[in-house]
Amino acid sequence: MTDENKSETEVKTEDIQENFEEILEEKNQEIEQLKKDLEKSQGETQEYISLSQRLQADFENFKKITDKRNKDLVKFANENLIKEFLDCYEDFGRALETENDEDLRNGIELIYNKFTDVLKKEGIEEIPAKGEKFDLNKHEALMVQESDDVENGYIIEELMKGYMYKDKVLKYSKVIVCKK
């Protein structure tokens with residue numbers, strides 16, 4: 001090998017060495033940037049985990065509060081109705097204290113009318129029966145009888161009243177139905 005060849009080889013080696021150092025420097029910068037991005041992502045991940053844990057704790061607290069509120073709602077659902085019946089209860093006590101039969105009757109009628117008003121206000125209605133066509137959805141036939149005055153399938157007599165609560169039957173009317 002000649003000196004000229006050596007110098008060319010040395011020059012090429014130096015060029016390669018310089019390119020290698022430049023590429024190495026670029027890659028080191030990229031690695032540093034990636035490390036910074038990774039640290040940032042890890043920090044954000046920790047924030048999200050922390051937020052998720054707080055939200056989960058808040059949700060658990062919300063569930064507990066809601067469950068307690070629902071239990072209290074069920075526990076005290078009839079409170080207003082009971083308050084209204086207390087007035088009727090007190091009226092019964094006063095009616096029993098009367099010595100005159102006429103006053104007692106008037107007191108009981110007053111109480112009956114109060115009860116009727118409370119029940120109507122709460123959505124309770126009597127089921128019409130006597131003279132009505134028998135309806136399995138509202139009436140319970142305890143007996144059947146023949147009658148010349150009433151058509152077949154109609155109610156002759158109501159033995160016990162029935163009641164509806166809004167659209168639901170609470171108590172079926174007990175009736176005698178005409179059967180010919």
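**A guided look at a sheet and a helix**

Visitor: In what order do the three strands of the open sheet stand?
Guide: This is a predicted model, in which local features need pLDDT of at least 70 and side-chain atom pairs count only at pLDDT 80 or more, while totals for chains, interfaces and linings use all residues. Residues are numbered from 1 along each chain as its sequence is written, and side-chain values use heavy atoms, with hydrogens and water left out. Strands are DSSP runs of E, at least two residues, and helices are runs of H or I, at least four, numbered from the N terminus; two strands pair if DSSP finds at least two bridges between them. The pairing in this open sheet is mixed, and the order is β2-β6-β3.

Visitor: Which residue of β6 is the bridge partner of methionine 160?
Guide: Strand β3 (155-160) is an edge strand, pairing on one side only. Four bridges join β3 to β6 (residues 173-178), and the two run antiparallel. The partner of methionine 160 is lysine 174.

Visitor: Which residues of α3 are buried?
Guide: Buried means under 20% relative accessible area and exposed over 50%, with partly exposed in between (1.4 Å probe, protein chains only). On the other side of α3, Asp101, Arg105, Asp117 and Lys120 are exposed. The buried residues are Gly107, Ile111 and Val118.

Visitor: Within what arc do the buried residues of α3 fall?
Guide: The arc is that of the directions from the helix axis to the C-beta atoms. Seen down the axis of α3, the buried residues line one face of the helix, because they fall within an arc of 35°.
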